[in-house]
Amino acid sequence: MAVPVYVGTTAPTDDSIPGIYKVDFDPTTGALSKATLAAKYSSPVALALHPTQPILYAVGTPKVPFADDTTAIAAFQIQADHSLTFLAETSLGGHGAINLNIDATASVLAAPSPKDGFVSTIKLDDHGIPTKIVSLVKLEGSSANPKRQTSPHPHGVYFNQANTHLYVTDLGADRVFIYPFNATSGELGPALEPMKGQPGDGIRQMEFSTDDRFAYVLNELGNTVTIAEKNGDLLKPIGVVSTLPKDFDGKRNTTSEIEVHPNGNFVYTANRGHDSIAVFARTQKTGALELIQHTDVGGKFPCYLKIDPTAHWLLCANLISGNITSFPIDPISGKLGPKASETSIPRPLWLLFAR
């Protein structure tokens, strides 16, 4: 049976309708259907699902601009045919959000605002509707790159498995900031000691290992993955691996996304410029990564990767070429097979499997 996949997009460069799109994915063959518009909305670049209610969330440009011109978090009702009906939206308190996450109690949304260096948490009501900002934290710091790192640019937000802390990856400051999180109130406490990246790394994204012992931190500008061991709630860097082939100069590449396979044995990252997916074998005991493959993404400028619910397929959203591609995952080696399918979509940035 085909599984719906919602696609977040950024502003189209042609006459395409801006919004959240939907494609159907067949987990038996890897086939992707033609894309359809699920809901019209401007620049819904990041998406999240309510874990128990039929509600989808998106960050984007509000239907009616707020007085302070901030970015919105919008809620949509998921209909029986998987189309989306707009419910409500509220300000997240900052500008340019490109990531979104929901906590384990399904009562709080978190989002970063890279344009002005904020991270915010927004309380949800009993019906899953965003209500008000309960924390709006201004980050501090800078790093070595004079064009990209003169101020904080928080890029990703991640709740830990215990739902007690929020981790914020900051490209501008080369830090992973760590905040105690109160799931009842939605508030963030005073920051703990951050994990520091190498100057100029450009920390973009991260994923925890399935055993919750390690974090894998993707460095956009350094084209590397930092392996960090969890020490209580803090992170300690213990190794770094490149996402690129040894014969590639790296000057025309930035990394964009990272996925840890549910079995804990493999890690996947996307290279924009080299236009490849890097595949790593993971040693669960030590957390170490070994680069074992590069696969062409079948498009240009890959911005998002997502493993399907069966864990047998990897989907890739390619921004500039305007397509989504699918690849089979070998369950033993973790390597990717030849491209199975592709479908066109205007400027895809985010992939989210429906339940």
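## Basis of the model

Two strands pair if DSSP finds at least two bridges between them. Strands (E, at least two residues) are DSSP runs, numbered from the N terminus. The model is predicted: local features need pLDDT of at least 70 and side-chain atom pairs count only at pLDDT 80 or more, while totals for chains, interfaces and linings use all residues. Residues are numbered from 1 along each chain as its sequence is written, and side-chain values use heavy atoms, with hydrogens and water left out.

## Strand S13 and its hairpins

In strand S14 (residues 175–180), Val176 is the bridge partner of Thr169. Strands S13 and S14 run antiparallel and are joined by six bridges. They form a hairpin with four residues between them, and Asp174 in that turn has a positive phi of about 55°. Strand S12 (residues 154–159) is also antiparallel to S13, with five bridges joining the two; here Val157 has Val168 of S13 as its bridge partner. S12 and S13 form a hairpin too, with five residues between them and a positive phi of about 65° at Asn163 in the turn.

Strand S13 (residues 165–170) is largely enclosed by the rest of the structure, because six of its six residues are buried. Buried means under 20% relative accessible area, exposed over 50%, and partly exposed in between (1.4 Å probe, protein chains only). On one side of S13 the buried residues are His165, Tyr167 and Thr169, and on the other they are Leu166, Val168 and Asp170.

## Strand S1

Strand S1 (residues 3–9) is mostly covered, with seven of its seven residues buried. Val3, Val5, Val7 and Thr9 lie on one side; Pro4, Tyr6 and Gly8 lie on the other.

S1 pairs in the antiparallel sense with strand S2 (residues 19–25) over five bridges, and Phe25 of S2 is the bridge partner of Val3. Five bridges also join S1 to strand S28 (residues 348–353), again antiparallel. In S28, Phe353 is the bridge partner of Val5.

## The open sheet S20 to S23

An open sheet is formed by four strands in the order S20-S21-S22-S23, with antiparallel pairing. Strand S20 (254–260) and strand S23 (289–296) stand at the edges with a single partner strand each, so one side of each has no neighbour in the sheet. From one strand to the next, the twist averages 25°; axes are lines fitted to C-alpha atoms, and angles run from 0 to 180 degrees between N-to-C directions.

S20 pairs with strand S21 (residues 266–272) over five bridges in the antiparallel sense. Asn271 in S21 is the bridge partner of Thr255.

Asp116 lies in the loop between strand S9 (108–113) and strand S10 (118–124). Asp116 is buried yet has no salt bridge, and the nearest side chain of opposite charge, Lys138, is 6.1 Å away. A salt bridge is a side-chain nitrogen of Lys or Arg within 4 Å of a carboxyl oxygen of Asp or Glu; Lys and Arg count as positive and Asp and Glu as negative, with His and the chain ends not counted. The side chains of Asp116 and His95 are joined by a polar contact of 2.6 Å. A polar contact is a pair of N or O atoms within 3.5 Å; within protein, one must be able to donate a hydrogen and the other to accept it, and residues adjacent in sequence count only if both atoms are side-chain atoms.

His95 is located in the loop between strand S7 (84–91) and strand S8 (101–102) and is partly exposed, with a relative accessible area of 26%. A polar atom of the His95 side chain lies 3.2 Å from the backbone oxygen of Asp68. Leaving aside neighbours within four places in sequence, the residues in contact (heavy atoms within 4.5 Å) with His95 include Asp69, Thr70, Ser113 and Lys115.
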